[in-house]
Amino acid sequence: MINFEYARATDVADAIRQMAADPAAKFIAGGTNLIDLMKYDVERPMRLIDITHLPLKTVDETAGGGVRVGALVPNSDLAYHPLIEKRYPLLSSAILAGASQQLRNMASTGGNLLQRTRCFYFYDVATPCNKREPGSGCSAINGINRINAVLGTSESCIATHPSDMCVALAALEAKVHVAGAAGERTIAFDDFHRLPGDTPQLDNNLQPNEIITAIELPARGFADNYSYLKIRDRLSYAFALVSVAAALELDGGRIKEARLALGGVAHKPWRRPEAEAALRDQAVNSNAFAKAADILLGGAKGFAHNAFKIDLARRAIIRTLTQAANGTPQTQSSKKIR
Ligand SMILES: Cc1cc2nc3c(=O)[nH]c(=O)nc-3n(C[C@H](O)[C@H](O)[C@H](O)COP(=O)(O)OP(=O)(O)OC[C@H]3O[C@@H](n4cnc5c(N)ncnc54)[C@H](O)[C@@H]3O)c2cc1C
Ligand code: SF4
């Protein structure tokens, strides 16, 4: 591990100022991803700017009927917050499907969005990886690619974004509030993460000196008909091979509104407006669900070890939509332990 300097930011303006003064610095929140990456020699920041003392730890209702979540709210506090459990149970469920209780106690809301891929080769500095070292090549395309992407891939990179929380945030159409030297701005969740294209080193559209300050959830929470299904190699403490966030608003036996997002299959939470449009105004039935699944998975391309994900995702989408429509969401095994 490299030597690095450590500094603590006193407020958001101070954090931005310190970052602008040192482009080789990195913010550190819970440290559950960044410290691992530093130990593996993947990230080499010369200075860590500790943001854990910034006043970004509250969950507040907004004037528009939504909820604003501070970037430093720990994942476990967010999952168990009464407002989130009651109004956005899809988000609680997705968070509790991730990591372990100890990790969720440390991991922050902002850090979860910025966690990096779990592609084996990204962590192995002895192998070429365009994301870690642009232009060096992609070891996963012809390597062990069981956990890699089947949608939105490029010739440069087939990594996935590993977050569970982000899949629910995508389905809920959250917004990301950021601040930087040029001021504050808001980014729609769908526009936050990027596809790899020929710049796989860029995971998202945050500018280098910007800090995430909050996530805003809109008023619509789909609290009655939702489900988050995560399929993984082990029942707990493993990243998704495929995950599905489904949210429906029903009117009798018909679908008024639908949201569908996939995790574990692409460089960002995967949504397609056409798949959701295909569900609107349809009767609740497995044919409609299968059609939406086919649209969402259109153009999927498997590699030597991960082609199974395409059929797995199709079946998972149908199952998750069925659970959502029946009001019988997938339960996560995590109990409330602090
Ligand atoms: C063993 C293990 C298993 C895991 N399993 C899962 C899982 O199943 N599902 C899942 O979703 N996640 C999982 N995780 C990932 C975990 O959720 C993330 O590591 C965590 O959410 C990152 O948050 P953090 O606060 O610790 O981020 P840090 O490690 O502190 O930071 C991560 C990155 O975000 C940047 N950063 C942090 N906060 C901000 C901010 N406010 N503004 C700008 N930049 C910021 C840092 O500079 C750094 O680049 C797992 C992690 C581990 C170690
Ligand atoms: S898939 Fe992306 S992260 Fe993995 S080796 Fe290829 S370039 Fe690196």
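**Entry 1: Ser243**

I looked up the side chains of Ser243 and Tyr228, and a polar contact of 2.9 Å joins them. I noted the rule: a polar contact is a pair of N or O atoms within 3.5 Å; within protein, one must be able to donate a hydrogen and the other to accept it, and residues adjacent in sequence count only if both atoms are side-chain atoms.

I must keep in mind that this is a predicted model, where local features need pLDDT of at least 70, side-chain atom pairs count only at pLDDT 80 or more, and totals for chains, interfaces and linings use all residues. Residues are numbered from 1 along each chain as its sequence is written, chains are lettered from A and ligands numbered from 1 in the order in which they are written, and side-chain values use heavy atoms, with hydrogens and water left out.

I placed Ser243 in strand β10, residues 242-251. Helices (H or I, at least four residues) and strands (E, at least two) are DSSP runs, numbered from the N terminus. Is Ser243 buried or exposed? Ser243 is buried, because its relative accessible area is 0%. Buried means under 20% relative accessible area, exposed over 50%, and partly exposed in between (1.4 Å probe, protein chains only).

I then listed contacts (heavy atoms within 4.5 Å). Leaving out residues up to four places away in sequence, Ser243 touches Asp164, Val167, Tyr228, Leu229, Lys230, Ala261, Leu262 and Gly263.

Helix α9 spans residues 165-172, and eight of its eight residues are buried. Just after α9, I found Glu173 with a positive phi of about 60°.

How many disulfides does the structure hold? I found zero. A disulfide is a pair of cysteine sulfur atoms within 2.5 Å. For Cys166, the nearest cysteine sulfur is that of Cys157, 17 Å away. I checked Cys129 too: it counts as buried because its relative accessibility is 8%.

**Entry 2: helix α5**

I turned to α5, residues 89-96. This helix is mostly covered, with eight of its eight residues buried. Pro89, Ser92 and Leu96 are among them.

**Entry 3: ligand 1**

Which residues are closest to ligand 1? They are Phe27, Gly31, Thr32, Ser108 and Asp164, out of 32 that surround it (a heavy atom within 4 Å). I sorted this shell into 16 nonpolar, 11 polar and five charged residues.

Next I looked at oxygen atoms of ligand 1. One is 2.9 Å from a polar backbone atom of Ala29. A backbone N or O atom of Leu34 lies 2.8 Å from an oxygen of the ligand. For Ala99, a backbone N or O atom is 3.0 Å from a ligand oxygen. On its own, ligand 1 has 980 Å² of accessible area, and the protein covers 93% of that. The elements giving two or more residues to the shell are β2 (25-28), α2 (34-39), α7 (109-114) and β8 (211-217).

**Entry 4: Gln18**

Last, I found Gln18 in helix α1, residues 12-21. Gln18 counts as buried because its relative accessibility is 14%. Its side chain makes a polar contact of 3.2 Å with the side chain of Arg47. Beyond four places in sequence, Gln18 touches Ala7, Arg8, Ala9, Arg47 and Ile49. Gln18 and Ile49 are 31 residues apart in sequence, yet 7.6 Å apart in space, C-alpha to C-alpha.

Key. Accessible areas come from the Shrake-Rupley method with a 1.4 Å probe; for residues, only the protein chains shown count as cover. Ala, Val, Leu, Ile, Met, Phe, Trp, Tyr, Cys and Pro count as nonpolar, Asp, Glu, Lys and Arg as charged, and the others, Gly among them, as polar.
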